[in-house]
Amino acid sequence: MQFFARKLMDWYRENGRSLPWRGTKDPYRIWISEIILQQTRVAQGYDYYLRFIERFPDVQALADAPEDEVMKLWQGLGYYSRARNLHAAAKEVAALGRFPDTYEGVRRLKGVGDYTASAVCAFAYGLPCAVVDGNVYRVIARWLGIDEPIDTTAGKKLFAALARELMGTSDPALYNQAIMDFGAVQCTPASPACLMCPLNDGCAALRLGRVGDLPRKSKKTQVKERYFHYFFVRAGAYTFINKRGKGDIWQHLYELPLLETDVPLAGKELLESPQWAEFFGGTPPREVTLVAQGVRHVLSHRVLIADCHEVVLADESAFDSRFQRVLVSELQNFAVPRLISHFFSLLLEPNQ
């Protein structure tokens, strides 16, 4: 076990990535980086981290910010519950007067699980907490040849115990950074560099020809298709948007008026649907133009297939009063999902 940890740390000293959150012991900045990097590649999260720290240099600044501003800064990262939880947890820390300095204290923060609590405690405080993420699962599963699925309760307990055992106690921060980078750079999901791997002489998966099989999962998520029909409604200099409510993956983000169906809908079927009548009442729009059709937007457990129509009203007062009327020129101030941002890029001139 000491051989495994020593090899990883030696590899990291020569090959570890230089990242802005690694030069600090500040638990706030480490926490921000770990939340941003959940379900996000480092290349994508890097600039978001820099912008977040520039705008919210400490936890009080984040706690004091309006939620809409936090969501706008997060726009494009996806998994928006992370931003909402981040904001809520910042308020908790501000109320405490300091960032928690124990595993239990960090773990109690809104949106913080075992992985994030371990990362903050290991990197900020040097506590002997083993971080277990996708990279760690992969490295350990391959090194030891473990068939136990990583998405079961038994599997999670097994890998957590093995991660603690393999880590030792000499330098938790260095070891955790080493194994995560090793999985991200060397022991990658596809086409790992096994011939150049410092652990190849003891890797069970390589010896057994099972590198591509490990780690294992017990089940595959069923993906459901949903059909979205968005309307960019022009009423002179104004348009209409809606803020999504609670219990939604896009909770508190803004979107265009939406008609959702179980099957594709177009042309006459769309114009004759009951929801179309609710939107536009008895006054037909002056013009309806298809801007985009069949745009696929992949989420974790569903695929959205979206169309977008530009609708010019004949009567600027004739639109559903449930929607918020805003200036087209001010749309950039609202946090929207990536899909809506894509439609904006097709609809709006650069100077709007």
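## A tour from helix H9 to the cores

Start by selecting Asn135, Val136, Tyr137, Arg138, Val139, Ile140, Ala141, Arg142 and Trp143, the buried residues of helix H9. You are looking at a predicted model. Now widen the selection to residues 134-144 to see the whole of H9, where 9 of the 11 residues are buried.

What do the buried residues of H9 pack against? Show helix H1 (2-15), helix H10 (153-167), helix H11 (172-186) and helix H12 (204-208), and you have the partners of those residues.

Next, visit the two ends of H9. At the N-terminal end, pick aspartate 133, which caps the helix: one of its side-chain oxygens lies 3.1 Å from the backbone nitrogen of asparagine 135. Just after the helix, click on glycine 145, which has a positive phi of about 70°.

Then move on to the sheet. Three strands make up an open, antiparallel sheet, ordered E3-E2-E7. Strand E3 (254-255) and strand E7 (324-327) each have a single partner strand, so one side of each has no neighbour in the sheet. Select strand E2 (residues 238-243) together with E3: the two pair over 2 bridges. Here asparagine 242 sits opposite glutamate 255 of E3.

For the last stop, turn to the nonpolar cores. In the largest, with 103 residues, Trp31, Ile32, Leu62 and Phe343 touch the most other members. Centre on leucine 62 and, leaving aside residues up to four places away in sequence, you will find contacts including Tyr28, Phe52, Phe56, Val70 and Leu86. Another core, of 14 residues, lies apart from the largest one; select Phe231, Ala235, Val311 and Phe319 among its members.

Key. Residues are numbered from 1 along each chain as its sequence is written. This is a predicted model: local features need pLDDT of at least 70, side-chain atom pairs count only at pLDDT 80 or more; totals for chains, interfaces and linings use all residues. Side-chain values use heavy atoms; hydrogens and water are left out. Buried means under 20% relative accessible area, exposed over 50%, partly exposed in between (1.4 Å probe, protein chains only). Helices (H or I, at least four residues) and strands (E, at least two) are DSSP runs, numbered from the N terminus. Contact means heavy atoms within 4.5 Å. A polar contact is a pair of N or O atoms within 3.5 Å; within protein, one must be able to donate a hydrogen and the other to accept it, and residues adjacent in sequence count only if both atoms are side-chain atoms. Two strands pair if DSSP finds at least two bridges between them. A nonpolar core is a set of buried Ala, Val, Leu, Ile, Met, Phe, Trp, Tyr and Cys residues joined through side-chain atoms within 4.5 Å.
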